[in-house]
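Please look at the sequence and the structure shown below before reading on. The report that follows takes up a few places in the chain, one after another.

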Amino acid sequence: MSSFVERRKKPTTLFLSFAISVSPIIHTMSAYRDEDPRLHGIKTKIRVVPNFPKPGIMFQDITTLLLDPRVFKDTIDLFVERYKGKNISVVAGIEARGFIFGSPIALAIGAKFVPLRKPKKLPGKVISQEYILEYGRDCLEMHVGAVEPGERALVVDDLIATGGTLCAAMDLLERVGAEVVECGCVIELPELKGRERLNGKPLHVLVECFECCE
């Protein structure tokens, strides 16, 4: 998932570090007084890089989070605590940062990990799903037979912006008969309204990032 958002004015980044979800698993949103202290550490480790990869882009960089083993573990643990015991048999990670978070979640909850990749990256027979981005079209692919009808799947990525990539991932899984239980992301950019594009599908995020223009 692209971890950036474009703004015409000089932006200031504001993070809110609470887990928020619209889901049949948990229906309540944690208030600040009840916030898990681990979320603050996650928030402080996400680096915002201005004007990358081009002018006007505020890049949400999770590589700084990965440099801190404790915070990286906290990030994985928060997802594992949510999904363990939910009978999820598939964790589908979106290329490429979804692989970083999805693989350890899958191991911890006893599910298989299925990579959703860009075109011509998987060697076997694939099923493809195209989707529209702000700047054009893209495509996700999955190996045929990796997911069976009736399996319960979790989709994982580092960030939700406009929601196009998550929608494509869910469409891909549902086309082969899987039930998408939820999408899980570390970061959400609420101003881009990606959550609305999911058409009511459940989404769980740890940190919201607001881009405020000065």
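## Salt bridges

A salt bridge is counted where a side-chain nitrogen of Lys or Arg lies within 4 Å of a carboxyl oxygen of Asp or Glu. The structure discussed here is a predicted model, and a search of the whole structure finds 16 salt bridges.

One of them joins the side chains of Arg-38 and Asp-36, with a distance of 2.6 Å from N to O. Asp-36 has a relative accessibility of 22% and therefore counts as partly exposed, since the term buried is kept for residues under 20% and the term exposed for those over 50%.

## A pair between a strand and a helix

Another salt bridge is formed by the side chains of Glu-182 and Arg-82, which meet at 2.7 Å, N to O. This pair links distant parts of the chain, because Glu-182 belongs to strand β11 while Arg-82 belongs to helix α3, and the two are 100 residues apart. Both partners are buried: Glu-182 has a relative accessibility of 0%, and Arg-82 has one of 7%.

## A pair between two loops

The side chains of Glu-95 and Arg-117 also meet in a salt bridge, at 3.1 Å from N to O. Glu-95 sits in the loop between β6 and α4, and Arg-117 sits in the loop between β7 and β8 (126-133), so this pair ties together parts that are 22 residues apart in sequence. Glu-95 counts as buried at 11% relative accessibility, whereas Arg-117, at 22%, counts as partly exposed. Elsewhere, salt bridges that share partners join Asp-36, Arg-38 and Glu-81 into one network.

## Helix α4

Helix α4 covers residues 97-109, which makes 13 residues, and it reaches 19 Å from its first C-alpha to its last, close to the 18 Å expected at 1.5 Å a residue. Which residues of α4 are buried? They are Gly-98, Phe-101, Gly-102, Ile-105, Ala-106 and Ile-109. These residues cover an arc of only 130° around the axis, which means that they are on the same side of α4.

The buried residues of α4 pack against several elements, among them α3 (69-83), β6 (90-94) and β11 (179-188). Just after α4, Gly-110 takes a positive phi of about 75°.

Thr-162 and Pro-190 are 28 residues apart in sequence, and their C-alpha atoms are 8.8 Å apart in space.

Conventions. Residues numbered from 1 in each chain as written. Predicted model: local features only at pLDDT ≥ 70, side-chain atom pairs only at ≥ 80, totals over all residues. Heavy atoms only, no water. Helix = DSSP H or I, 4+ residues; strand = E, 2+ residues; numbered from the N terminus. Expected span 1.5 Å × (residues − 1). Buried < 20%, exposed > 50% of the residue type's maximum accessible area, 1.4 Å probe, protein only. Arc of directions from axis to C-beta. Contact = heavy atoms within 4.5 Å.
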